[in-house]
Each structure stands twice: as C-alpha cells, then as structure tokens.
Amino acid sequence: MSKLRSPVPLLFFGPLVRALAASAAVFAAGALHAQALPPGVRLGMTAVELQAAMPTIERVPRPQRLAGGLVGGWQGAPVSMAGLVFEPTFFFADSQLRRVEYLASASAVPDGGAAAFAELLRWGRAAFGAELASNDPGSAYAAWTHEDADVYLQHVRDARRGGVRLVYKARQLRDGSEL
C-alpha cells in the first residue's frame, strides 16, 4: 500500500525556501565581492585598461615605490569592507598591473582592526581555502595562492599605526637559480 503525500506543504514552503536560498546567495555574493578585485580589473592589464574599467581612479601625487620596480601610481575611491574603510592603490611594473593593495587604518577602532581581520580571514578561507599563516605579538598574516595571483591579508597591531591590509599581487615563480 503506497502512501500519498499532499503537495500542499511543498507548494507552501517551496517559494519560501527558494526566497531564503536566493537571499542567502545574494548576501554571500555581496560579501565575497566586497573583497574581490573591482569588476573588470585583472592583474596584468595596462593603465589604459584600468582607466577604462575604473573611470574614477586618480593618479597619486607621490607614488609609492616598492621592490621589483612596482610603482603605486593610481588610487581608487575608498571601499568599505568588514567595518573599515580601505583605500585601494594600484601598482604597475613593466606597464602592467602587478599589485592591488587595500589599506585601512584601524588605530581609531577600539579592537585595533581585529574584528575586520577575522572577518576578512573567514572570507579568504571561503574564497581560497586554508591559508598559510603567521601570528606574533605585533601582527598577524594569512596568505593564499589563487590561479595566477598571491593574496595576502595582514593585521598590524599597533596603537598608533595599526591597520589591516589586503593585497592581490601577480604570482612570480622562480627557479632555483634565481634564489
């Protein structure tokens, strides 16, 4: 003897379940997108391509210079992530975008940015998997490798210069002769 079930509960709960699933997906996508590279931006693009993807970027009056010929010559509008306001800087070397750095000061936040770091760490784990990490009394660091990029998150615990940094940089593979 087979049991017949009424389709009424499915008809009633089906739209509710779909609505909840859709809102969860939108929330998750928004949370992940907040820490991803801006839409249309990819490592390896030229400055002209970056300007086309982000028309509001501006030249930095005093560009930062890093090892490897990296020059942080462009800055985007501040971005809110994990309760802090991050300023994105775009670094070029050999006419290609090689690094995107989001930096937020956390000296005015009571926890020094610990909650923001923890939230971004959870995001990184969800987006890239388990991290390589280090933790000492003055800072915490987490790093991931994703496709052709290295991504790292840093939290500096200092009352005067505390902050959180999220960096995407072009992956550089070296053979043993270059070490």
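A salt bridge is a side-chain nitrogen of Lys or Arg within 4 Å of a carboxyl oxygen of Asp or Glu. The model discussed here is predicted.

Q: What makes the contact between the side chains of Arg99 and Glu101 a salt bridge?
A: The N to O distance for Arg99 and Glu101 is 2.7 Å. The cut-off is 4 Å, so the pair qualifies.

Q: Are Arg99 and Glu101 buried or exposed?
A: Both Arg99 and Glu101 are buried. The term requires a relative accessible area under 20%. Salt bridges with shared partners also join Arg99, Glu101 and Arg165 into one network.

Q: Why is the pairing of Arg42 and Glu49 called a salt bridge?
A: The side chains of Arg42 and Glu49 meet at 3.6 Å, N to O. Because the limit is 4 Å, the term applies.

Q: Why is Arg42 called partly exposed?
A: Arg42 has a relative accessible area of 44%.

Q: Which residues lie nearest the centre of the largest pocket?
A: They are Leu37, His146, Glu147, Ala149 and Tyr168, from a lining of 13 residues. The pocket has a volume of about 250 Å³. By class, its lining has nine nonpolar, one polar and three charged residues.

Methods:
Residues numbered from 1 in each chain as written. Predicted model: local features only at pLDDT ≥ 70, side-chain atom pairs only at ≥ 80, totals over all residues. Heavy atoms only, no water. Buried < 20%, exposed > 50% of the residue type's maximum accessible area, 1.4 Å probe, protein only. 1 Å grid on protein atoms, 1.4 Å probe; cavity = no way out; pocket = protein on both sides within 12 Å on 5 of 7 lines; lining within 4 Å. Points joined across faces, edges and corners; volume = space filled by probe spheres on them. Nonpolar A, V, L, I, M, F, W, Y, C, P; charged D, E, K, R; others polar.
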